[in-house]
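Subject: Structure handover

Hello,

Here is the structure we discussed. Please load it first, then read my notes below.

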Amino acid sequence: MVSTHNLVSAMISIDSPHLPDHQQLLVEDPQKSIITSSEPEVDGDHVFRSKLPDILISNNMPLHTYCFERVADFADQTCLVVGSTGKAYSYSETHLLCKRAAAGLAKIGIGKGDVVMILLQNCAEFVFTFFGASMLGAVTTTANPFYTPPEIYKQLVASGAKLIVTQSQYVDKLKDNNVQAAVEEQLLLPQIHQDFKVVTVDDPPDNKCLPFSLLAEAANEAEIPEVVIDADDPVALPFSSGTTGLPKGVILTHRSLITSVAQQVDGDNPNLYLTRSDMVLCVLPLFHIYSLNSVLLCSLRAGSGVLLMHKFEIGTLIRERDFHPIIPTIIPH
């Protein structure tokens, strides 16, 4: 029987010939109370560098410019596929509709620094609105459409959103006048059509709500106002899931999101090896940052297609599999 001390000592003396130096086992020597390895530290520098070339991170530009930077190389390639209808948008169409959405948002008073709330399940209009707001220097906050009215209003007040893009079936949640909740939170509830506007991606439930077609179809992309956008300007305001309490807003800048995406799909050895022939399954909700960042933004940067689904439907998946090699979404633990 080998004692623990002897086993540890034996492990320290092992230097595997099958591993490169930077992967040698690090083990604590119980006698010397130091960390030993096959590669000594240099001048106390604790920076571990990959042997691969550095990734060139172009994080000094707006997020929409970065994601569509190479759109001319695959303009006719499929960018978005709506799972519920099968409707597909090429990269050139997607980019154009994002610019038209930007022009439409500007027409109804959205400008740099304003906050737009997207209260939607996964759909193409989510993408158009997000990038349209980015092109104006506006900020997007995303919310779960299945939230209760108090939850929606809490995020609405905290973010200061001037516009909500949603479906007509959720508009009634925005008409909530829960005075008791407002008193408890010491808040003055914003009023629909007075303090914020509502755009629906389907037929509006009343004549005060605006149809999304007003943004994406009636607007001229040439009418986008000129805006100076700094890389450190905010572009997204997602709210946490509330694991340690109520959801809290997180300010994300153009630079921070670009840096995150670049570390996943740029460089000679990308973490997510997406190609232009891939179709990435987007069934995780885009109102969560993981899906927005690692599924949508990474796919657009890499030139992959994105299959947008409200929920997992095996029939839709099989149908689209006949046309595209679908990459499943990786769900983190």
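Burial first: buried means under 20% relative accessible area, exposed over 50%, and partly exposed in between, with a 1.4 Å probe and protein chains only. This is a predicted model, where local features need pLDDT of at least 70, side-chain atom pairs count only at pLDDT 80 or more, and totals for chains, interfaces and linings use all residues. Residues are numbered from 1 along each chain as its sequence is written, and side-chain values use heavy atoms, with hydrogens and water left out.

Glutamate 313 is partly exposed, at a relative accessible area of 33%. It sits in the loop between β13 (305-308) and α10 (314-321). Helices (H or I, at least four residues) and strands (E, at least two) are DSSP runs, numbered from the N terminus. Serine 84 is 229 residues away from glutamate 313 in sequence, yet their C-alpha atoms are 9.2 Å apart.

Next, threonine 141. Its place is in strand β6 (residues 139-142). Threonine 141 is buried, with a relative accessible area of 0%. A polar atom of its side chain lies 2.7 Å from the backbone oxygen of leucine 237. Contact means heavy atoms within 4.5 Å.

Now helix α8 (residues 254-265). It has twelve residues and reaches 17 Å from its first C-alpha to its last. That is close to the 16 Å expected at 1.5 Å a residue, where the expected span is 1.5 Å times one less than the number of residues. Which residues of α8 are buried? They are His254, Leu257, Ile258, Val261, Ala262, Gln264 and Val265. Seen down the axis, these buried residues fall within an arc of 165 degrees, so they line one face of α8. The arc is taken from the directions from the helix axis to the C-beta atoms. The buried residues of α8 pack against α2 (63-67), α4 (124-135), β10 (234-236), β11 (252-253) and α9 (289-302). Glycine 267 follows α8, with a positive phi near 90 degrees.

Last, the cores. A nonpolar core is a set of buried Ala, Val, Leu, Ile, Met, Phe, Trp, Tyr and Cys residues joined through side-chain atoms within 4.5 Å. The largest has 61 residues, and Leu80, Phe128 and Phe131 have the most contacts inside it. Its largest share, eight residues, comes from α4. A second, separate core of 21 residues includes Val115, Ile152, Tyr170 and Ile192.

Best wishes

Terms used
A polar contact is a pair of N or O atoms within 3.5 Å; within protein, one must be able to donate a hydrogen and the other to accept it, and residues adjacent in sequence count only if both atoms are side-chain atoms.
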